[in-house]
Amino acid sequence: MAKAIHSMIRVLDEKRSLDFYERAFGLSVAARFEFDSFTLVYLSNAEADFEIELTINKGRTEPYSLGDGDGHIAFCTDDLDAEHARFTEAGLAPRKVVELDRDGVLLARFFFVADPDGYQIEVLQRHGRYR
């Protein structure tokens with residue numbers, strides 16, 4: 001069977017993105033590859049093998065258009081309220097915590113935060129299928 005190994009996003013400012021992902025999720029550079037017209041940076045942490053691949057196109061000055069799609073990356077945590085407070089204190093501007101029920105049973109507790117390029121990231125309370 002195939003195994004998911006990374007998700008790629010295009011970012012405008014490598015330094016700003018590295019700072020955000022390290023402060024928000026404890027991700028650090030696992031690998032970095034320079035090419036003539038772009039750079040690939042792979043980020044990971046000890047929690048999982050899955051990586052975020054940042055693609056930085058050299059010479060690009062205009063922000064990327066993210067369109068009207070609603071795709072996102074998701075992380076889970078043991079203490080959502082503590083993470084929300086930490087994000088707030090770090091100036092990362094998380095949105096409010098939301099609870100999603102299905103048939104009267106809690107399905108998920110989560111909040112969203114935007115990275116420096118506007119990508120929406122979901123942070124979920126570790127619960128049920130979100131482990």
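Figure 1. Helices here are DSSP runs (H or I, at least four residues) and strands are runs of E (at least two), numbered from the N terminus. Asp 19 is partly exposed, at 39% relative accessibility, and Arg 23 is partly exposed too, at 33%. Buried means under 20% relative accessible area, exposed means over 50%, and partly exposed is in between (1.4 Å probe, protein chains only). The whole structure holds nine salt bridges.

**Figure 2. Arg 109 pairs with Asp 81 and with Glu 99.** Start with Asp 81: its closest O atom and the closest N atom of Arg 109 are 2.9 Å apart. This pair links distant parts of the chain, with Arg 109 in strand β7 and Asp 81 in helix α2, 28 residues apart. Arg 109 is buried, with a relative accessible area of 17%, while Asp 81 is partly exposed at 43%. Now look at Glu 99, whose side chain meets that of Arg 109 in a salt bridge of 3.2 Å, N to O. Glu 99 belongs to strand β6 and Arg 109 to strand β7, so this pair ties together parts that are 10 residues apart in sequence. Glu 99 is exposed, at 52% relative accessibility. Elsewhere, salt bridges that share partners join Glu 14, Arg 32, Glu 34 and Lys 58 into one network.

**Figure 3. Helices α1 and α2 pack against each other.** Helix α1 covers residues 14–25 and helix α2 covers residues 80–89; they pack at an angle of about 145°, with axes 10 Å apart. Axes are lines fitted to C-alpha atoms, for helices over the stretch in contact, and angles run from 0 to 180 degrees between N-to-C directions. Who touches whom? Arg 23, Ala 24 and Phe 25 of α1 make the contact with Glu 83, Arg 86 and Phe 87 of α2, where contact means heavy atoms within 4.5 Å.

**Figure 4. The largest nonpolar core has 22 residues.** A nonpolar core is a set of buried Ala, Val, Leu, Ile, Met, Phe, Trp, Tyr and Cys residues joined through side-chain atoms within 4.5 Å. Ile 9, Phe 20, Tyr 21, Phe 25, Leu 54 and Phe 87 have the most contacts inside this core. Helix α1 gives the most to the core, with four residues. Zoom in on Phe 25: leaving aside neighbours within four places in sequence, its contacts include Phe 20, Phe 75, Phe 87 and Ile 121.

Figure 5. Most residues other than glycine have a negative phi. Ala 93 is exposed, at 59% relative accessibility.

**Notes for every view.** Residues are numbered from 1 along each chain as its sequence is written, and side-chain values use heavy atoms, leaving out hydrogens and water. Since the model is predicted, local features need pLDDT of at least 70 and side-chain atom pairs count only at pLDDT 80 or more, but totals for chains, interfaces and linings use all residues.

Conventions:
Salt bridge = Lys/Arg side-chain N within 4 Å of Asp/Glu carboxyl O.
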